[in-house]
Amino acid sequence: MLRIQSPEGTRRVDIDNLAVTRELFEKVLNAFETIEYPFTLYGRRDKSQEIASSDTKTLASYGLKHGDMIFLSPIAGAVQRVEQPTDNGKAKNQISNTLLSVSTPTPSMPGSKIPIRSTVDEDQVDLLLQKMDGTVKRKRDPKNCLHGDNSSCIHCLPLEPYDASYLKDLNVKHMSFNAYLRKLSSGLDGGKYANLDNISCRIKPGCTGHPPWPKGVCSKCQPKAITLNSQPYRHVDNIVFENPNLVEQFLHYWRVTGRQRIGFLYGKFDVHLDVPLGIKGTVAAIYEPPQESTRDSVRLLPDSRQSVVDRLAAKLGLSCIGWIFTDLVAEDVSKGTVRNFRNAETHFLSAQECVMAGHFQSLHPNPCRFSSDGYFGSKFVTVCVTGDAQNQVHMEGYQVSNQCQALVRDECLVPTKDAPELAFARQSTAEKYIPDVYYKNTIKKKRVDSDRYVYFSIQVSL
């Protein structure tokens with residue numbers, strides 16, 4: 001039970017402690033039926049602890065307990081309607097406490113028109129990258145540059161951090177996220193129509209034009225169909241360990257027991273100089289939570305010490321930036337070799353591991369003031385320890401795309417039992433609506449009248 005104090009009085013709402021804050025806003029709106037203005041919830045009376053509406057953050061993450069009081073306040077610029085008595089004793093609606101707001105331009109990135117939210121507390125590495133120029137400096141070409149030292153031409157002009165040819169020469173498949181933001185603001189419109197909305201696979205609540213699902217759905221509340229495609233950017237470009245002993249201590253459990261192991265990576269994010277506007281995750285410690293493991297599986301157990309570990313890491317300037325797991329099978333104990341079964345012919349990550357990665361990424365959203373929700377994607381990384389092509393212990397870092405993260409968060413994907421590399425998209429039921437999920441496939445078809453081949457893309461329902 002929570003008490004909600006507002007200009008219209010105090011109400012009580014009953015809600016589970018593990019519910020997301022979006023459900024709290026819906027219950028508050030139902031409790032105050034006369035509210036006709038946008039509002040914000042705060043944990044303190046002085047408006048110092050804002051409770052944001054989110055599909056990932058829970059009430060427990062804000063430290064709310066049974067009986068706590070939270071404070072409802074109109075957003076600046078809103079018009080609050082209250083009842084005041086008239087001369088004849090009858091009540092009538094009057095507009096009071098009208099707040100006049102001056103129209104000011106929304107702050108944005110240097111040289112861009114992407115609207116931003118100044119209230120989002122972004123990571124320090126993002127603030128540093130936003131201040132950097134980001135362009136790739138090039139030296140004067142002695143063959144093609146026919147100008148003086150103080151001039152420049154197309155052969156020596158600085159390159160943008162998202163330049164495709166330059167990234168290809170560096171063997172970088174995905175541009176950095178901050179380079180992607182620069183690309184959005186590089187057009188003639190200056191990023192005016194750029195869209196950084198998070199993907200949602202749920203029916204939008206509050207549609208009154210029809211009965212609720214499963215009796216009715218319309219184009220306004222129905223989530224869009226999802227076509228799976230490759231994400232052009234990545235939120236983290238590199239992951240390193242401060243000390244090799246961290247990994248050796250983590251692998252000691254497998255070397256002794258032969259059982260697999262899971263750990264959480266604690267560290268910080270820094271600027272990665274090898275990729276334009278890139279981000280590097282530096283791991284300083286590996287925390288191994290309570291778990292039950294076998295030679296083929298690992299099951300995480302409830303951890304009562306997780307909050308203590310997070311507070312201790314915060315005092316050291318660290319945070320949880322990823323997770324690591326082993327998938328090792330010994331091949332020759334005398335030589336110390338392991339089997340190689342993760343490659344392009346099989347899979348790099350199984351569907352179950354992708355679901356786990358998407359779940360962890362949803363629990364650690366990336367603060368982003370260029371998104372209307374205040375967050376976009378995640379910097380949480382996945383590190384897999386397995387055997388490489390030379391049958392040596394090898395580590396690979398991954399992140400699932402924002403599409404996969406949304407599908408996992410909204411419970412649309414489940415792993416298959418007989419094929420670990422494949423996932424299954426659920427079907428809509430009376431309790432839950434699942435949008436259509438498509439993927440593109442290239443089919444090679446031979447013409448009858450010639451030996452030429454035709455390539456085309458089709459959309460297939462998953």
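Start with the open sheet of five strands, whose order is β2-β1-β5-β3-β4 and whose pairing is mixed; the model you are viewing is a predicted one. Select residues 9-13 for β2 and residues 50-51 for β4, and you have the edge strands, each of which pairs on one side only. Strands of a sheet pair through backbone hydrogen bonds, either parallel or antiparallel.

Before moving on, colour the chain by pLDDT. The mean over the chain is 80, and 83% of the residues reach 70 or more. Residues 76-113 stay under 50, and the model has 56 contacts beyond four places in sequence for them; residues 447-462 also stay under 50, with 38 such contacts. Where pLDDT is low, the predicted coordinates should not be read in detail.

Now select residues 177-184, helix α4, in which six of the eight residues are buried, so that the helix is largely enclosed by the rest of the structure. Show the side chains of Phe177, Asn178, Ala179, Tyr180, Leu181 and Arg182, which are the buried residues of α4. What do these buried residues pack against? Their partners are α2 (124-131) together with the strands β8 (175-176), β10 (233-234), β13 (278-287), β19 (365-367) and β20 (375-378).

The next stop is a pair of helices, α7 (residues 351-363) and α8 (residues 402-409), which pack with their axes 8 Å apart at an angle of about 90°; α7 and α8 are therefore roughly perpendicular to each other. On the α7 side, display Cys354, Val355, Gly358, His359, Gln361 and Ser362, which meet Cys404, Gln405, Val408 and Arg409 of α8. The residues of this contact comprise four nonpolar, five polar and one charged.

Most residues other than glycine have a negative phi, and most peptide bonds are trans. Leucine 277, in the loop between β12 (262-272) and β13, has a positive phi near 55°, and leucine 277 counts as buried because its relative accessibility is 6%, where the limit is under 20%. Glutamate 411, in the loop between α8 and β23 (413-415), has a positive phi near 60°.

How values were computed. Residues are numbered from 1 along each chain as its sequence is written. Side-chain values use heavy atoms; hydrogens and water are left out. Two strands pair if DSSP finds at least two bridges between them. Helices (H or I, at least four residues) and strands (E, at least two) are DSSP runs, numbered from the N terminus. pLDDT is the predictor's confidence in each residue, from 0 to 100. Contact means heavy atoms within 4.5 Å. Axes are lines fitted to C-alpha atoms, for helices over the stretch in contact, and angles run from 0 to 180 degrees between N-to-C directions. Angles under 35 degrees count as roughly parallel, over 145 as roughly antiparallel, 65 to 115 as roughly perpendicular and the rest as oblique. Ala, Val, Leu, Ile, Met, Phe, Trp, Tyr, Cys and Pro count as nonpolar, Asp, Glu, Lys and Arg as charged, and the others, Gly among them, as polar. Buried means under 20% relative accessible area, exposed over 50%, partly exposed in between (1.4 Å probe, protein chains only).
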